[in-house]
Amino acid sequence: MIRRIGILSFAFLLPSLVPAQTPLSVPNGLPAWAFNIPDKVQPPSAAANGPVRVPGSSKVYDASKIAGNAHPPDWFPEEHGPAPSIVTGDGGATTMACGSCHLMSGQGHPESADLAGLPVEYLVRQMNYFKSGARKDDARMGPIAKATSDDDIRRSAEYFAALNPSSWVKVIETSTPPKTYVATGGRHRLLSPEGGTEPIGHRIIEMPVDPQRTNDRDPHSPFLAYVPPGSIANGAALVKTGSSGKTVACAICHGDQLRGLGEVPRIAGLQPVYIARQLIQIQNGSSAGVNAALMKKAVANLTEDDIISISAYLGTLAPQ
């Protein structure tokens, strides 16, 4: 039987397709909303089983195969070129294939980076930062980078750089988003079984449009990002002109359309929660290296609300 559970009922029956990742704690003094820490109290869930399909794909995968991180499903192989084994996990190349978190489309989820179309040398440099510890992620990317050869890093970078990004998130301004919780499996934010709304406060609330398809690692299933009213206009002003005492000037490095310039990556169309988390970590010093050293000067005086606004605005932009 093919599974398909709607977005409303999914909050009550959460298939644990993606194993819980290494438990995280919020870095000292930083906002919890940016790090998708699972709620301590979780609604009842049930393990998924049986064959799985996603709309538009001729592929069928067993739920147990989707659950692991060694062999990510490739729902639409016709949409990309040949993928190296470090991305697919073929041949037992790795227990943490790149495509499991970043998807075969490269665009990933809010807890992982959108790599599609980014410059090869930028991607290689970031992996080397993870290897050296200049960019800190001891729970995931640090160990993964240290266990990955230079050849595999370059092959994966070339694969992701050749992908075409698409619009992946819809940004919605509201003071009262749906009430949500962060699930243990996959660390995605889902609708609360209680229903209702809650104040947005000083947060970005990002969640899948269709949690089941997201859990199935469907690269065609996008996200919604709820942000405080006025965020998009405030972010546009900061990105384009800055404000008193706040130097942003994104276009100087990232290009007029913010779609990248040379070895500098695009920031247009990225996941708002991911953008916010990176800006916070750059301010905090946990993301270093040449790029972050330059970025730290640009974002040093930004408030948390500024970061929310910039992230919201960038999420509305077309990636290409």
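At what angle do the axes of helix α9 and helix α13 cross, and within what distance do they come?

1. The axes of helix α9 (residues 231-241) and helix α13 (residues 304-316) cross at roughly 95° and come within 7 Å, where axes are lines fitted to C-alpha atoms, for helices over the stretch in contact, and angles run from 0 to 180 degrees between N-to-C directions. That makes α9 roughly perpendicular to α13, given that angles of 65 to 115 degrees count as roughly perpendicular, under 35 as roughly parallel, over 145 as roughly antiparallel and the rest as oblique. Among the residues making this contact are Ile232, Leu238 and Val239 of α9 and Ile308, Tyr313 and Leu314 of α13, contact meaning heavy atoms within 4.5 Å. By class, the α9 and α13 contact has 9 nonpolar, 5 polar and 2 charged residues; Ala, Val, Leu, Ile, Met, Phe, Trp, Tyr, Cys and Pro count as nonpolar, Asp, Glu, Lys and Arg as charged, and the others, Gly among them, as polar.

2. On the basis of the note: this is a predicted model, in which local features need pLDDT of at least 70 and side-chain atom pairs count only at pLDDT 80 or more, while totals for chains, interfaces and linings use all residues. Residues are numbered from 1 along each chain as its sequence is written, and side-chain values use heavy atoms, with hydrogens and water left out.

3. The protein has 13 helices and 7 strands, which are DSSP runs numbered from the N terminus (helices H or I, at least four residues; strands E, at least two). Of its 320 residues, 52% count as buried, that is, under 20% relative accessible area, with exposed meaning over 50% and partly exposed in between (1.4 Å probe, protein chains only).

4. Leucine 258 belongs to the loop between α10 (250-254) and α11 (272-284), and counts as buried at 5% relative accessibility. Leaving aside neighbours within four places in sequence, its contacts include Val239, Cys250, Tyr313 and Leu314. Leucine 258 and leucine 314 are 56 residues apart in sequence, yet their C-alpha atoms are 8.5 Å apart in space.

5. Helix α5 (residues 120-132) and helix α7 (residues 150-161) pack with their axes 8 Å apart and at an angle of about 140°, and are therefore oblique to each other. Residues of α5 including Leu123, Val124 and Met127 meet residues of α7 including Ile153, Ala157 and Phe160. This contact of α5 with α7 has 8 nonpolar, 1 polar and 5 charged residues.

6. A search of the whole structure finds 0 disulfides, a disulfide being a pair of cysteine sulfur atoms within 2.5 Å. For cysteine 101, the closest cysteine sulfur is that of cysteine 98, at 9.1 Å, which is too far for a bond. Cysteine 250 is likewise in no disulfide, with the sulfur of cysteine 253 the nearest at 8.8 Å. Cysteine 101 counts as buried at 16% relative accessibility, and cysteine 250 counts as buried at 10%.

7. Two backbone values deserve a look, since most residues other than glycine have a negative phi. Leucine 103, in the loop between α4 (98-102) and α5, has a positive phi near 65° and is buried, with a relative accessible area of 1%. Arginine 217, in the loop between α8 (211-215) and β7 (223-227), has a positive phi near 60° and is buried, with a relative accessible area of 4%.
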